Amino acid sequence: MTKRPVVWITRKLSDATLARAARDYEVIINHEDGLSSADDIVQMSAQVDAIIPCHSEHFSADVAARLDPRLKIIANHSVGVDHCDLPALKARGIAVTNTPDVLSDATAEIAMLLMLGAARRAVEGDTLVRSGNWDFWSPSFMVGKQLTGARLGIIGMGRVGQAFARKARGFDMEIHYFNRQQLPPEKENGAIFHASIDSLLGVSDFLSLHCPATPETTGLMNAARFAQLPDGAVVVNTARGPLIDEAALIEALQSGKIHGAGLDCFVTEPGGNPALSQCQNIMMMPHVGSATIKTRDAMGFRALDNLDSFFAGNRPGDLL
Ligand code: DGY
């Protein structure tokens, strides 16, 4: 019998994923589910042929240089790969894959939750009722912002951006977007293309970020860009924390320029930002955009599909 490849699964993936992985591979599973340091990753790389990491494990250029030659493939359990220095890993001959498509709807759902929550002041309302201090009602009480008929600006019209646009159409929103390339009409589905972010911001009563974190997109939403939004805009980020300058966001919220924000991602993760927590007009979730049973299974299976192709001598479908 040929020896089965050894796979390190760095976090507690779904039960179905772990069962399939154990069926097909020799698996080393991090049952404690804690974070692994650079040294842990380097050490483990000498014992395995493949790693299935999450975005919580960092493969910097330094780590890539120190990885053991035994490691052949990093099959990410994530669509985002900003935790991987791709050129450095490629230079070491290590294949890298991700899990696109399967998490688009779940992520779009959380973006919708945050957009509605920020627009209709869900944090404030929930806190008030929960505290037992709700002792007043008036037609002018807790008035929010309506989605229906409003203009939604999307930065990054990839799979998640398109899934979010589909859901927003159900709220009769007018969709505008910025993308590096204009989409073909069947994918645009009536959405209005803007050739620059600056052009998009001025029409974004609601703005949602769906682009990857790269050196070019770090701090994309800074003070100057917040100033370009219509007064009382709502900003949603379910992509990556570094896209937003958090200090500039707080200033825009406190000045009243921005009505509210919905965030699933933060510059510091895990943990978030205590200054953001002071703002009742921000609805926050702890980076759980793809955290549904259906999507976690699909992500795990997609990562395993990539491993299966690789070890069968084929090109994995999601090879980067
Ligand atoms: C992703 O897939 O990139 C999500 O952020 C979860 O890791």
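Domain bounds, as used here, come from an automatic or database domain assignment, and for this protein that assignment gives domain 1 (6-100 + 293-311) and domain 2 (104-284). The structure is a predicted model, in which local features need pLDDT of at least 70 and side-chain atom pairs count only at pLDDT 80 or more, while totals for chains, interfaces and linings use all residues. Residues are numbered from 1 along each chain as its sequence is written, and side-chain values use heavy atoms, with hydrogens and water left out.

**How the domains meet**

The C-alpha centres of domain 1 and domain 2 lie 31 Å apart. Where the two domains touch, 5 residues of domain 1 are in contact (heavy atoms within 4.5 Å) with 5 residues of domain 2. Domain 1 and domain 2 bury about 460 Å² between them, 54% of it on carbon and sulfur atoms; buried area is the accessible area (1.4 Å probe) that two parts lose on being put together, summed over both. On the side of domain 1, His 55, Asp 82 and Pro 100 supply 67% of the area buried against domain 2, more than any other three residues.

**Two helix pairs**

Helices (H or I, at least four residues) and strands (E, at least two) are DSSP runs, numbered from the N terminus. Axes are lines fitted to C-alpha atoms, for helices over the stretch in contact, and angles run from 0 to 180 degrees between N-to-C directions.

| Helix pair | Axes come within | Crossing angle |
|---|---|---|
| H1 (residues 15-24) and H13 (residues 293-311) | 8 Å | roughly 20° |
| H5 (residues 104-119) and H7 (residues 159-169) | 8 Å | roughly 55° |

The contact of H1 with H13 is made by residues including Arg 20 of H1 and Phe 301 of H13. The angle of roughly 55° makes H5 oblique to H7, and among the residues in that contact are Met 112 of H5 and Phe 164 of H7.

Most residues other than glycine have a negative phi, and most peptide bonds are trans. Asp 33, although not a glycine, has a positive phi of about 70°, and its place is in the loop between strand S2 (26-29) and helix H2 (38-45). The peptide bond from Glu 269 to Pro 270 is cis, with omega near -10°, and Pro 270 is found in the loop between strand S11 (258-263) and helix H12 (274-277).

Methods: Parallel < 35°, antiparallel > 145°, perpendicular 65-115°, else oblique.
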